[in-house]
Every structure is written in C-alpha cells, then in structure tokens.
Amino acid sequence: MSVDVEWHDVVALAEFWEGELYEAQLGGDHVLLVHLPSALIKAYQGLCPHQEVLLADGEWNEDAGTLMCSGHSWEFDMRTGQGLNPSGCRLYEFPVRVEDERVLVGVPADGQRHYLRANESE
Ligand code: FES
C-alpha cells in the first residue's frame, strides 16, 4: 500500500542558490537540502546516520559534492546520499519538486520519523 506524501513549501528558489545548503524542520523531520549544479535539488535527513549530529554543521565541499560530518568525519556524496567513508550507510532521501519558483519537499504522511541510522541502512 502506498503512503501519501505531504508536500511542504520550504524556500523560494531565488533564496536558495546553487552550491548552497538549506536546513528545514518539517514536522518531526530535520531535513537538509542541497542545491547541486544543473538546478538539481536534493533533500536528505538532516542528522548524521552515525550519532545524529547536524549535517549542516559539517564541511561542505561544493566542487566535489561531498559533505563531511563535524561529529566524526563520516563523509557523504550529496548527489546520491550514499556514505563514502564509511560506505555502508546512506541518507534518507525526500522527494523534491519546484513549482512557481518555490522548492517543495515531500514527507511521507505515515507518522514516522524519516531517518536511517547507520546499522539500519545497509
Ligand atoms: S555523528 Fe556524524 S560522523 Fe559521528
């Protein structure tokens, strides 16, 4: 059975430039958006799969598209959400769409928290 998605109007496209990160709290979910080259916008869980440190406080490498968590230096590919180091984890990804110059993020309306912990995501 498919779960309905609740769309949240998060930010104006004009205020979220390519190469930037943007944090949002959507219901019970902390979400981190990233604006990648070619107008690609992704949204992931905003807390590290390791010990829930805020990923937005990490070191963002815009050129490589990678983010290193400030907690213990785990690294993620923000184009895919995959863990790079270590590789056996990934970030939960939320659907994104752009409508009328606004960025919308979809959150499954299942009453759950959308967060993958490292040992649950392999
Ligand atoms: S909390 Fe992110 S690497 Fe440990």
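Student: What share of the contacts comes from residues 24 or more positions apart?
Tutor: Among contacts with a separation of 6 or more, those residues account for 47%. Two residues are in contact if their C-beta atoms, placed from the backbone, lie within 7 Å. Keep in mind that this is a predicted model: local features need pLDDT of at least 70, side-chain atom pairs count only at pLDDT 80 or more, and totals for chains, interfaces and linings use all residues. Numbering starts from 1 along each chain as its sequence is written.

Student: OK, and how many helices and strands?
Tutor: Zero helices and 11 strands. Those are DSSP runs, numbered from the N terminus: helices are H or I with at least four residues, strands are E with at least two.

Student: Switching to the inside: how much of the protein is buried?
Tutor: 27% of the 122 residues. Buried takes 20 or more other C-beta atoms within 10 Å of a residue's own, with C-beta atoms placed from the backbone.

Student: Which residues touch the most other members of the largest nonpolar core?
Tutor: Val31, Leu32, Leu33, Ala43, Leu55 and Val105, out of 23 residues in that core. A nonpolar core is a set of buried Ala, Val, Leu, Ile, Met, Phe, Trp, Tyr and Cys residues joined through C-beta atoms within 7 Å.

Student: And which strand gives the largest share?
Tutor: Strand 3, with four residues. Strand 3 (29–36), strand 4 (40–45) and strand 11 (102–108) each give two or more.

Student: What does Val31 touch?
Tutor: Leaving out residues up to four places away in sequence, Val31 touches Ala24, Leu26, Ala43, Gly46, Phe94 and Val105.

Note on methods:
A residue is buried if 20 or more other C-beta atoms lie within 10 Å of its own, exposed if 12 or fewer, and partly exposed in between; C-beta atoms are placed from the backbone.
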